[in-house]
Amino acid sequence: MPTILGALRSLAFAPSLDSVTFAARGFGGEPTDATRSLEAVPQSVICGFEWGMETGGSGELVRRLDFVTPELRGFAYEGATMACTILDVMPGRGGRTRELLREAGRPHIFLSYIGIGFAMARLPRMLWRKVMPDLPDARYYPRMSWLAVDGYGFDRAYFETPRWVGRQERPAPYAWEGDAGYFSRAADQGLGRALWFIGGGRAADVAAAVRRFADHRRADLWSGVGLAAAFAGGCDGAGLETLRREAGEHRDHLAQGVVFAVKARAYAGFVPAHTERAAGALAGVTTRGAVALADDAAVERPADGVPAYELWRRNVRAGLATAALAAE
């Protein structure tokens, strides 16, 4: 049963299901099956968040999350992790996020990091040092924790679109994993993911939105677009071809985002058909090939002041280029 305090906390932090529809957000475009499918993503996040706030322990929370369809379950874990993160920073609380990610949430670790970023968007920066649980026995920790900053960027763009997309503002630097210089780049990767939703998965509209940003930001934005297009779907084969063409010189960044999306889906144990299609159309790889490339390209430690996460991204792009040359 939900606790009274949990229900009050949920009301304080969570938007309503109606408020995240594209019409309510003012994103434009006619409603279609594709946009309704994309709208189910933030709605699943909200459901996970509300369950995380209301339930008294991880057992009840996980049982609820297991009712979500495999295609959307990772998004529900995003919301649940967001809730656990907010609860953990409150006085006298702690450990819920770590428990969730070390156990049932482990397969959804990539999206759970994004959920931590959603929490960051609602917490004062003075509390950010408390949001990342210690996960020494988890794969991809702390390299993939930059996805929390990605999640922060997505949240700001989705909920404050005029500011972050319209006026193209950038967040103040923050020394995430000790690197303040990379913070805005990781946030832009999340902003790029948000553009996919803001554009309703319409390839031409999304590409036009990316082109309105300064040149030096577009590579990271395209990476986010690729991740969202492959993970969330919302685009048919013709649209994927348009997206690949529109990416132009940033096609490798688009493809890198796709590879990360495939890896995250495979790690969670469910790869939907739209992810497989995006892998072939946008990155020229199979699901198995994308997973192998992501694993082979992984980097354990930063080098020359570059985060291991960014080195990983670079290695993926290099691997895709090598594979493309070999196929010629």
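Arg163 sits in helix H9, which spans residues 161–166; helices here are DSSP runs (H or I) of at least four residues, and strands are E runs of at least two, numbered from the N terminus. The model is a predicted one, so local features need pLDDT of at least 70 and side-chain atom pairs count only at pLDDT 80 or more, while totals for chains, interfaces and linings use all residues. Residues are numbered from 1 along each chain as its sequence is written, and side-chain values use heavy atoms, with hydrogens and water left out.

Arg163 counts as partly exposed, because its relative accessibility is 33% (buried means under 20% relative accessible area, exposed over 50%, and partly exposed in between, with a 1.4 Å probe and protein chains only). Leaving out residues up to four places away in sequence, Arg163 touches Gln168 and Glu169, where contact means heavy atoms within 4.5 Å.

Another arginine, Arg156, belongs to helix H8 (residues 146–159). With 12% relative accessibility, Arg156 counts as buried. Its side chain makes a polar contact of 2.6 Å with the side chain of Asp155; such a contact is a pair of N or O atoms within 3.5 Å, and within protein one must be able to donate a hydrogen and the other to accept it, with residues adjacent in sequence counting only if both atoms are side-chain atoms. Not counting residues up to four places away in sequence, Arg156 also touches Ala121, Thr161 and Trp164.

Then there is Glu99, in helix H6 (residues 96–102). Glu99 is partly exposed at a relative accessible area of 35%. Glu99 and Ser58 are 41 residues apart in sequence, yet their C-alpha atoms are 7.7 Å apart in space.

On to the nonpolar cores: each is a set of buried Ala, Val, Leu, Ile, Met, Phe, Trp, Tyr and Cys residues joined through side-chain atoms within 4.5 Å. The largest has 99 residues, and those with the most contacts inside it are Met144, Trp176, Leu195, Trp196, Phe197 and Leu243. Apart from neighbours within four places in sequence, Trp176 is in contact with residues including Met120, Trp128, Val131 and Phe183. A second, separate core has nine residues, among them Leu61, Val62, Tyr77 and Leu100. In soluble globular proteins, nonpolar side chains tend to be buried together.
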